[in-house]
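Subject: Structure handover

Hello,

Below is the structure I said I would pass on. My notes on what was found in it follow directly after.

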Amino acid sequence: MTQDFILETRGLTKEFRGFTAVDDVNLQVQEGHIHALIGPNGAGKTTVFNLLTKFLPPTRGEILYRGQPITGMKANEIARMGLVRSFQISAVFGHMTAMENVRVALQRPMGTSFHFWKSERTLDHLNDRAIELLEEVGLRDYADVLTVEMPYGRKRALEVATTLAMDPTMMLLDEPTQGMGAEDVDRIVELIRRVARGRTVLMVEHNLSVVSRLCDRITVLARGAVLAEGDYATVSADPRVKEAYMGSEAAEEEATA
Ligand SMILES: Nc1ncnc2c1ncn2[C@@H]1O[C@H](COP(=O)(O)OP(=O)(O)OP(=O)(O)O)[C@@H](O)[C@H]1O
């Protein structure tokens, strides 16, 4: 039944000038789950993510959030419904402090106007909430540090804080551990585990160890289509998944040889 699924796609398809990057994908994300979208390079993960977050319009198919079609809606409309994507580092303002970045994010869902800024009490409230969010992601000590001066892993944590500022019911995370060293990866894994409590998370992730530690359910994409689905033990034992990954590694080796 649709009810159990907070996010669903039906026949989701994206073609780029005749090339099918996403091919008839039926994704079902259960409420409360941490769900991963994995697959070898070029599998279509980013394209699916961009379709879900409205950065791209689908060629065909439907996206439902809480049983309601959201296919034609804008990113800010679905954010107001509680479906929020993480913002890439490029969306975080480097020459503002961590605190200022969270404050900017806090203003987004409120549709800030000058009236809003006039109220000292609202401003205080905003500051309190910003500090709370920084604390939640372990960045209390970075409140007054310029974002450009923060270590990479901490910037990614700040992205999580700015996402939380939108008060999401469901978070869409795009490769949250990409480019990180082991220590930062562990920290982000813990952070995602913590912020996922009482929420649903869908993440695109390359790091299979992260996926195995965090995720309740995994969808494996290959050549734009769903290849396998299940928990980590199930999909990692699937010979088709192994073959898809090995095939892509072999192709990569060939390309770099
Ligand atoms: N704007 C575009 N125009 C044409 N082809 C595209 C476009 N975006 C993606 N593609 C193609 O669609 C396919 C899927 O790409 P996508 O980036 O979604 O894969 P991915 O699984 O995210 O890969 P990676 O792990 O390498 O990031 C690739 O073959 C890619 O070249």
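In the hairpin of β10 and β11, which has two residues between the strands, Arg223 adopts a positive phi near 50°. Helices and strands here are DSSP runs, numbered from the N terminus: helices are H or I with at least four residues, strands are E with at least two. This is a predicted model: local features need pLDDT of at least 70 and side-chain atom pairs count only at pLDDT 80 or more, while totals for chains, interfaces and linings use all residues. Residues are numbered from 1 along each chain as its sequence is written.

Strand β4 (residues 34-38) is mostly covered, with five of its five residues buried. Buried means that 20 or more other C-beta atoms lie within 10 Å of the residue's own, exposed means 12 or fewer, and partly exposed is in between, with C-beta atoms placed from the backbone. In a regular strand the side chains alternate between the two faces of the sheet. In β4 both faces are covered: Ile34, Ala36 and Ile38 are buried on one side, His35 and Leu37 on the other.

β4 pairs with strand β9 (residues 200-204) in the parallel sense over four bridges, and the bridge partner of Leu37 in β9 is Val204. β4 also pairs with β10 in the parallel sense over four bridges. There, His35 stands opposite Arg217 in β10 and Ile38 stands opposite Val220 in β10. Five of the six residues of β10 are buried, so β10 is largely enclosed by the rest of the structure.

On the ligand: Phe16, Phe19, Ala21, Gly39, Asn41, Gly42, Ala43, Gly44, Lys45, Thr46 and Thr47 surround it. A residue is near a molecule if its C-beta atom, placed from the backbone, lies within 6 Å of it. β2 (19-25) and α1 (45-52) each supply at least two residues of this shell, and α1 gives the most, with three residues. By class, the shell has four nonpolar, six polar and one charged residues. Ala, Val, Leu, Ile, Met, Phe, Trp, Tyr, Cys and Pro count as nonpolar, Asp, Glu, Lys and Arg as charged, and the others, Gly among them, as polar.

The protein is divided into domain 1 (1-82 + 170-257) and domain 2 (87-167), with bounds from an automatic or database domain assignment. The contact between them takes 11 residues from domain 1 and 12 residues from domain 2; residues are in contact if their C-beta atoms, placed from the backbone, lie within 7 Å. On the domain 1 side, α7 gives the most, with five residues.

Overall, the protein has 10 helices and 11 strands, and buried residues make up 38% of its 257 residues.

Regards

Definitions and conventions
Two residues are in contact if their C-beta atoms, placed from the backbone, lie within 7 Å. Two strands pair if DSSP finds at least two bridges between them.
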